[in-house]
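Here are some exercises to work through with the structure open beside you. Try each task yourself before you read its solution.

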Amino acid sequence: MSIETRPVTVNLGPQHPSTHGVFRMRVTFDGEEIVDVEPVFGYLHRGSEKLAEERTYSQIVTLTDRMDYVSSMLNNQAYILAVEKLCNIVPSPRGVWLRMIASELQRIASHFVATGFLLQDLGALGTPLIYCMRERENILDLFEMLCGARITNSYLRPGGVFMDAPEVFWPALDRSLGDIEKSIDEIEEYLSGNEIIFSRTKGTAVLSSESLVNASITGPMLRASGVDWDLRHRNPYDYYSDITFKRILHTASDNYARYWVRVQEMRESLKIISQCIKNIEPGPVRPSFDDVPRLVRPEPGDSYAAIEGSKGELGFYLVSDGGISPYRMHVRAPSLINLTLLREMLVGELFGDLFVIFGSVDLNMGEVDR
Amino acid sequence: MIQEWRGNYLAEKIELKVKNSIDKFDEKNVWINSEKLYEVCKLLKNDPLFEFDLLNSLTSVDYIDHFEIVYHFTSISYRSSCIIKCKVGYGRNNPKVDSVVDLWRGADYQEREIWDLMGVKFIGHPNLKRIMLWDGFPGHPLRKDFVTYDQSIVNSKGDD
């Protein structure tokens, strides 16, 4: 006797806890196999780009914090670089070193969150996530010393940062670097060679490097497919040209490769931070208000600046009409664009791998919807 | 270091291959005639001189009398980048431009976003639906003449 079966369409999200925010997918299953996926965005759309048109250039820094809320410092940095390019501001060296330290710390924090939630999605409920969050907590404490805020930092200003690091920051940073190093070792020891993680993540959602480049996917996802493309190295902004670090590459382009690239990149970020500490010298953290006024008025024109964010190329496109607020601001959001191949990654895989694959993209809904 | 293509040099090279495609150019940017845009994009992607395989960013600006579509390209093999722009929708009636999704998949969500928020149609896009806002949302909010809910209350005279 044969039983007639038909595909079932299931609505996942927007309230599902594994969707890393408010993301909704209409997934069609044939048995346990995924046959079609349609992502639905927009549940966290706040219109940041429209809001930016009514705010001054310094006020917009607070809007960028709320886009990718686990990597606020990196968002600040990308935005400030676009403003500096638009206004031809030469930043103060100490300010630049401080913001490089801050953004590398933020990258580590963001990768910890990505790793923790990937393992949560794999079914390792609780423990690895708590370990990763504990280390992120350390970094947030450092941010609290730098600027008083933990998540929505708003630390950067055109030309540098708004205040110098307090005395207590430097010993605390040294201590934290050791702690983070140890906990990365811990993660590697327990997870990178773990048989269960191998069997769940190796060989799933493999994408070719050509299709990744064609779909504008950047960041750890692209490097996990063997393409040596890191903007810190390829197009050095700030003082990254004075810094040496290893570019982490993997060739498998599967979920394990993405996880592995992120973990190794945290180590490289630690190295970058210790080089920054060596290079930093006393001085002003931002140009005087005579050189860079609080209310900057750029010449009419446009600028696009991109940095290597924790999730990929994070770019800001600003158009000025000579006024105190931008005529148009556009954010090139890596989280949104990295989802372009979601359908290709999921179709043909099993339901149990759905959230693992989704977690390996490392997206943040605040940035997808803006 | 990524080398940026100079606008005048790029315009010259494009004009050689695709006739009458250049609207105007300056040091940084090249403006392409909208009817030749797809042809130029195909050239930029496939010609061994350019090989722009990565579409960094695709966005649009509302300049009141027209819309401008802005493309940022990077070539991973040559480590070069360029900016091309395209003016569409003079008179604000039904702005439309050719879609480049079949050349760069990465344009997919970005074109949908422009359609949703700015209201520029992309001809040939396989799934041109609203992405951030819901179906039936009135208007396109990133246009300069869009009246937000708060503004509509301020503008209204009231009953008395």
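**Exercise 1.** In this predicted model, work out how many residues of chain A are in contact with chain B, and which elements of chain A they come from.

*Solution.* Start with the count: 27 residues of chain A are in contact with 23 residues of chain B. Next, look for elements of chain A that give two or more residues to this side: they are α1 (48–52), α8 (209–214), β6 (301–308), β7 (313–320), β8 (328–332) and α12 (334–337). Of these, β7(A) supplies the largest share, 4 residues. Finally, sort the side of chain A that touches chain B by class, and you get 11 nonpolar, 9 polar and 7 charged residues.

**Exercise 2.** Describe how β6(A) and β7(A) are joined and paired.

*Solution.* Follow the chain first: β6(A) and β7(A) form a hairpin, with 4 residues between them. In that turn, spot Gly312(A), which has a positive phi of about 150°. Now check the pairing: the two strands are antiparallel and share 8 bridges. For a landmark, find Tyr304(A), which stands opposite Tyr317(A) in β7(A).

**Exercise 3.** Why can β6(A) be called largely enclosed by the rest of the structure?

*Solution.* For β6(A), 7 of the 8 residues pass, so the strand is largely enclosed by the rest of the structure.

**Exercise 4.** Give the strand order of the open sheet of 3 strands in chain A, and find its edges.

*Solution.* The order is β1-β2-β3, with antiparallel pairing. Look for strands that pair on one side only: these edge strands are β1 (8–12) and β3 (33–40) of chain A. Then zoom in on β1(A) and β2 (residues 24–30) of chain A, which are joined by 5 bridges. Here Leu12(A) stands opposite Met25(A) in β2(A).

**Exercise 5.** Are helices α4(A) and α14(A) roughly parallel or roughly antiparallel?

*Solution.* Take the angle first: α4 (residues 93–122) and α14 (residues 351–361) of chain A pack at about 175°, with axes 8 Å apart. Angles over 145 degrees count as roughly antiparallel, so α4(A) is roughly antiparallel to α14(A). Now list who touches whom: α4(A) uses Phe117(A), Leu118(A), Asp121(A) and Leu122(A), while α14(A) uses Phe355(A), Val356(A), Gly359(A) and Ser360(A). By class, that contact has 5 nonpolar, 2 polar and 1 charged residues.

Terms used: Residues numbered from 1 in each chain as written. Chains lettered and ligands numbered in written order. Predicted model: local features only at pLDDT ≥ 70, side-chain atom pairs only at ≥ 80, totals over all residues. Axes fitted to C-alpha atoms, helices over the stretch in contact; angles between N-to-C directions. Parallel < 35°, antiparallel > 145°, perpendicular 65-115°, else oblique. Contact = placed C-beta atoms within 7 Å. Nonpolar A, V, L, I, M, F, W, Y, C, P; charged D, E, K, R; others polar. Pairing = 2+ DSSP bridges. Buried ≥ 20, exposed ≤ 12 C-beta atoms within 10 Å, placed from the backbone.
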